[in-house]
Amino acid sequence: MLIGEVARRSGVSARMLRHYESLGLVRPSGRTGSGYREYSGEDIQRIFHIETLRSLGLSLREIGRAFDDPGFAPSALVDHLIRQTRARIAAETELLTRLRRIDAADPAGWEDVLRVVALLQALKSKSANARQRAALASVDAVTVPTEALVEAALAETEPNVAGALRWALARSGDCGSALLAEGLGSPVAAVRERAVRALAEMPGGEATAHLRDALAHPDAVVRGCAALALGPRGAADAVPTLVDMIVEGRNDGDAVDALSVLASDTATADQIATRLLDRLAQDATGAPARGRLTQALAGIPGTRASYALAELSRDVDRYVALTAAYLLQLRAAG
């Protein structure tokens, strides 16, 4: 079979077939009387083998090695191709993400595109100063997509930069709340904490809703951060978590402050006093925790809290009784 016929049947151009021959990949079995290349059935089969291997991403040099080296191990090359393909996919995915974020910024011209690209690159800089400047500039300069800010906030370990990113997110609107809430599902504890801390600074009802959901999170740190953020927002459903924090001695001072804010509402104040008294009644609470619970009643107004303190002034635990009696005196003097 002559080269033209081989090209038509195989789909490989005559020029490429000559290139294969120059590399030694294909050697026509013979020549016609006129000197034209003549390919046998085995030659054509080899051409199909070459095309098959090319479709897997092998270079012509690798294909030649595969054909000519008796000791060649296909598995090693396939493993190399898998790694190479994964690296290429990762690079293409990163490029696609960058392009999508540039498009989300809705640039008006090429100058805007360049500024967005510069900010996106700075957010991933090894320099903490550069990352912080990018976070602060994202508010006043061309808008950086919220997705990029969330990604940076969840990865940031430097406190000052993390604060700047949370500040930028809080001014980006409520659209970042859902993305931050996804971070609460991370298997990495530090990422979950960064997510809830950023959510705590986000304004709007959507952020509040995600914080409420976080009160049921299995991670105690996430629950605590959510409760502390919900206290100033008047969310009474944070009360149980705040009381748990006082019992456990975990950010108990902040928890007491949050309860005091919530207690500005009379009904909530009575609810808080009742819950504190109920926890005090539990034998398993322990002396230090009972002392903290008693002190927490100091910031709770209302008759229910006064009643609880009167009950505790007769407690068998001397420290609790003295603390409650002292707080009652302060109330009477006030």
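A crossing of two helices is called left-handed if the near helix is turned anticlockwise from the far one by less than a right angle, and right-handed if it is turned clockwise. Keep that in mind for the tour. The model is predicted, so local features need pLDDT of at least 70 and side-chain atom pairs count only at pLDDT 80 or more, while totals for chains, interfaces and linings use all residues. Residues are numbered from 1 along each chain as its sequence is written, and side-chain values use heavy atoms, with hydrogens and water left out.

**Stop 1: helices 8 and 9**

Select residues 146-155, helix 8, and then residues 159-170, helix 9. Helices here are DSSP runs (H or I, at least four residues), numbered from the N terminus. The two axes come within 9 Å and cross at roughly 150°. That makes helix 8 roughly antiparallel to helix 9, a label for angles over 145 degrees. Axes are lines fitted to C-alpha atoms over the stretch in contact, and angles run from 0 to 180 degrees between N-to-C directions. Helix 8 passes helix 9 in a left-handed crossing.

Now show side chains. Thr146, Leu149, Val150, Ala152 and Ala153 of helix 8 touch Leu165, Ala168 and Leu169 of helix 9; contact means heavy atoms within 4.5 Å. By class, this contact has seven nonpolar residues, one polar and no charged ones. Ala, Val, Leu, Ile, Met, Phe, Trp, Tyr, Cys and Pro count as nonpolar, Asp, Glu, Lys and Arg as charged, and the others, Gly among them, as polar.

**Stop 2: helices 5 and 6**

Next, select residues 74-104 (helix 5) and 110-123 (helix 6), whose axes come within 10 Å and cross at roughly 130°. Look for Arg98, Arg101 and Ile102 in helix 5, which meet Val113, Val116, Val117, Leu120 and Gln121 in helix 6. Five of these contact residues are nonpolar, one is polar and two are charged.

**Stop 3: helices 1 and 3**

Go to residues 3-10, helix 1, and residues 41-55, helix 3. How far apart are the axes of helix 1 and helix 3? They lie 11 Å apart, and the helices pack at an angle of about 40°. Helix 1 passes helix 3 in a right-handed crossing. Val6, Arg9 and Ser10 of helix 1 make the contact with Ile44, Ile47 and Phe48 of helix 3. The contact residues divide into four nonpolar, one polar and one charged.

Conventions: Helices (H or I, at least four residues) and strands (E, at least two) are DSSP runs, numbered from the N terminus. Angles under 35 degrees count as roughly parallel, over 145 as roughly antiparallel, 65 to 115 as roughly perpendicular and the rest as oblique.
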